[in-house]
Amino acid sequence: MFLKLEQVRIITWRTLWEFGDKWPASAGPLREWYKLTLGATWRNFADVKATFGQTDQVKVNSGQTVCVFDIGGNKFRLVVFVSYARGKAYILRVMTHKEYDKGHQQWKNDL
């Protein structure tokens with residue numbers, strides 16, 4: 001069976017716009033991430049990394065592995081669960097760099 005490659009569908013994109021309203025400096029970079037992601041076909045993390053070089057994989061408390069994108073010149077972090085098989089990117093969190101580092105990355109325990 002062959003994996004049908006489809007462009008990535010972004011789930012809960014509203015989170016991006018709401019964060020952009022709160023932190024105007026993030027709005028442009030988040031829009032750019034959104035546009036590039038919509039046009040992407042990701043089969044694995046290497047494909048994500050090819051699209052966004054400043055991305056890491058992080059294992060969270062639930063046992064899942066998420067992608068953490070550096071947004072806006074390392075000022076913001078976007079945490080996304082990517083279902084490669086389904087072609088979906090689930091927006092989990094958008095944070096400032098300071099929030100990301102707070103409490104030794106407490107956010108990982110929440111996911």
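Q: Buried means under 20% relative accessible area, and exposed means over 50%. At 4% relative accessibility, is Trp-42 buried or exposed?
A: The model is predicted, and the value is computed from it. Trp-42 sits in the loop between H2 and helix H3 (45-51). Trp-42 has 4% relative accessibility, so it counts as buried.

Q: Which residues is Trp-42 in contact with, leaving aside its neighbours within four places in sequence?
A: Contact requires heavy atoms within 4.5 Å. Asn-74 stands 32 residues from Trp-42 along the chain, with 23 Å between their C-alpha atoms. The contacts of Trp-42 are Val-8, Thr-37, Asp-47, Val-48, Thr-51, Phe-52, Phe-69, Val-82 and Tyr-84.

Q: In what order do the elements of the chain run from the N terminus on?
A: The chain holds five helices and five strands. Read from the N terminus, these elements follow the order β-α-α-α-β-β-β-β-α-α.

Q: Which residue in E5 is the bridge partner of Ile-11?
A: E1 runs parallel to strand E5 (residues 88-96), and three bridges join the two. In this pairing, the partner of Ile-11 is Tyr-90.

Q: Which residue takes a positive phi near 95 degrees in the hairpin of E2 and E3?
A: Strand E2 (residues 55-59) pairs with strand E3 (residues 65-71) in the antiparallel sense, over five bridges. One of these bridges has Lys-59 as the partner of Thr-65 in E3. The hairpin has five residues between the strands, and the residue with a positive phi near 95 degrees is Gly-63.

Q: Why are the buried residues of H1 on the same side, and what arc do they cover around the axis?
A: The buried residues in helix H1 (residues 14-22) are Leu-16, Phe-19 and Gly-20. They are on the same side of H1 because the arc they cover around the axis is only 105 degrees.

Q: Which exposed residues does the face of H1 turned away from its buried side carry?
A: Residues in the exposed class have over 50% relative accessible area. On the face of H1 turned away from its buried side, these are Arg-14, Asp-21 and Lys-22.

Q: Which residues is Ser-26 in contact with, leaving aside its neighbours within four places in sequence?
A: Ser-26 is part of helix H2. Its relative accessibility is 0%, so Ser-26 counts as buried. Beyond its sequence neighbours within four places, Ser-26 is in contact with Phe-19, Gly-20 and Phe-76.

Q: What radius of gyration does the chain have, with its 111 residues?
A: Along the principal axes, the C-alpha atoms fill a box of roughly 45 × 30 × 25 Å. A compact globule of 111 residues would have a radius of gyration near 13 Å. The chain agrees with this, at 14 Å.

Q: What percentage of the 111 residues in the chain do buried residues make up?
A: The accessible surface of the chain is about 6900 Å², and 50% of it belongs to carbon and sulfur atoms. The buried residues make up 36%.

Terms used
Residues numbered from 1 in each chain as written. Predicted model: local features only at pLDDT ≥ 70, side-chain atom pairs only at ≥ 80, totals over all residues. Heavy atoms only, no water. Pairing = 2+ DSSP bridges. Helix = DSSP H or I, 4+ residues; strand = E, 2+ residues; numbered from the N terminus. Buried < 20%, exposed > 50% of the residue type's maximum accessible area, 1.4 Å probe, protein only. Arc of directions from axis to C-beta. Rg over C-alpha atoms; globule rule 2.2 N^0.38 Å. Areas by Shrake-Rupley, 256 points an atom, 1.4 Å probe, with all protein chains shown as cover.
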